[in-house]
Amino acid sequence: MLDAIYLLRASGKSLDWDRLLAGLDNNELAAASLYIMLAYLSRRGLAACASPVLSPIASRQRIIGAWELKIIELLLDTYLIQGRPFARFSTLGRR
């Protein structure tokens, strides 16, 4: 994620978004992953993503909807950004 922030800040305005979108053809998982990352970075103000690019990327995938995106963003904030441990998951099976 830090690499993406750096790259977008350094060359976001000069990225060939059309070529990037063309590279996503028929790869719904890649489109969903890119959409999650760009939407998250954009909403948190961590990188200026081209807003017109988010919509075409979102339309190329049917994996991530509005609710899924909210849950993923919550998980990223909680476990990646805040650094909280996966306590509930790590205690499963222990007695």
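Let us start with Arg 44, which is partly exposed because its relative accessible area is 34%; here buried means under 20% relative accessible area, exposed over 50%, and partly exposed in between (1.4 Å probe, protein chains only). The model you see is predicted, so local features need pLDDT of at least 70 and side-chain atom pairs count only at pLDDT 80 or more, while totals for chains, interfaces and linings use all residues. Residues are numbered from 1 along each chain as its sequence is written, and side-chain values use heavy atoms, with hydrogens and water left out.

Arg 44 has a partner: its side chain meets that of Asp 77 in a salt bridge, at 2.6 Å from N to O. Arg 44 lies in the loop between H3 and H4 and Asp 77 in helix H5, so the pair ties together parts that are 33 residues apart in sequence. The term salt bridge stands for a side-chain nitrogen of Lys or Arg within 4 Å of a carboxyl oxygen of Asp or Glu, and helices (H or I, at least four residues) and strands (E, at least two) are DSSP runs, numbered from the N terminus.

By the salt-bridge rule, the count comes to four. One of them joins Asp 25 and Arg 60, whose closest N and O atoms are 3.0 Å apart. This pair links distant parts of the chain, 35 residues apart: Asp 25 sits in the loop between helix H2 (17–22) and helix H3 (28–43), and Arg 60 in the loop between helix H4 (51–59) and helix H5 (66–81). Arg 60 counts as partly exposed, at 33% relative accessibility. Another salt bridge pairs Arg 43 with Glu 73, with 3.6 Å between the closest N and O atoms. Here, too, distant parts of the chain are linked, since Arg 43 is in helix H3 and Glu 73 in helix H5, 30 residues apart. Glu 73 has a relative accessible area of 6%, so it is buried.

Now for the inside. The largest nonpolar core has 22 residues, of which Tyr 35, Leu 38, Leu 41 and Ile 57 touch the most other members. Such a core is a set of buried Ala, Val, Leu, Ile, Met, Phe, Trp, Tyr and Cys residues joined through side-chain atoms within 4.5 Å. Helix H1 (2–11), H2, H3, H4 and H5 each supply at least two residues of this core, and the largest share, nine residues, comes from H3.

Setting aside neighbours within four places in sequence, Tyr 35 is in contact (heavy atoms within 4.5 Å) with Leu 54, Ile 57, Ala 58, Gln 61, Ile 64 and Leu 69.

Follow that list to Gln 61, which is found in the loop between H4 and H5. Gln 61 counts as buried because its relative accessibility is 5%. A polar atom of the Gln 61 side chain lies 3.3 Å from the backbone oxygen of Ala 58, and the side chain of Gln 61 also reaches the backbone nitrogen of Ile 63 at 2.9 Å. Beyond neighbours within four places in sequence, Gln 61 is in contact with Glu 28, Ala 31, Ala 32 and Tyr 35.

Finally, visit Ile 72 in helix H5. Ile 72 is partly exposed, with a relative accessible area of 24%. Not counting residues up to four places away in sequence, Ile 72 touches Ile 36 and Ile 64. The C-alpha atoms of Ile 72 and Tyr 40 are separated by 9.0 Å, although these residues are 32 residues apart along the chain.

Definitions and conventions:
A polar contact is a pair of N or O atoms within 3.5 Å; within protein, one must be able to donate a hydrogen and the other to accept it, and residues adjacent in sequence count only if both atoms are side-chain atoms.
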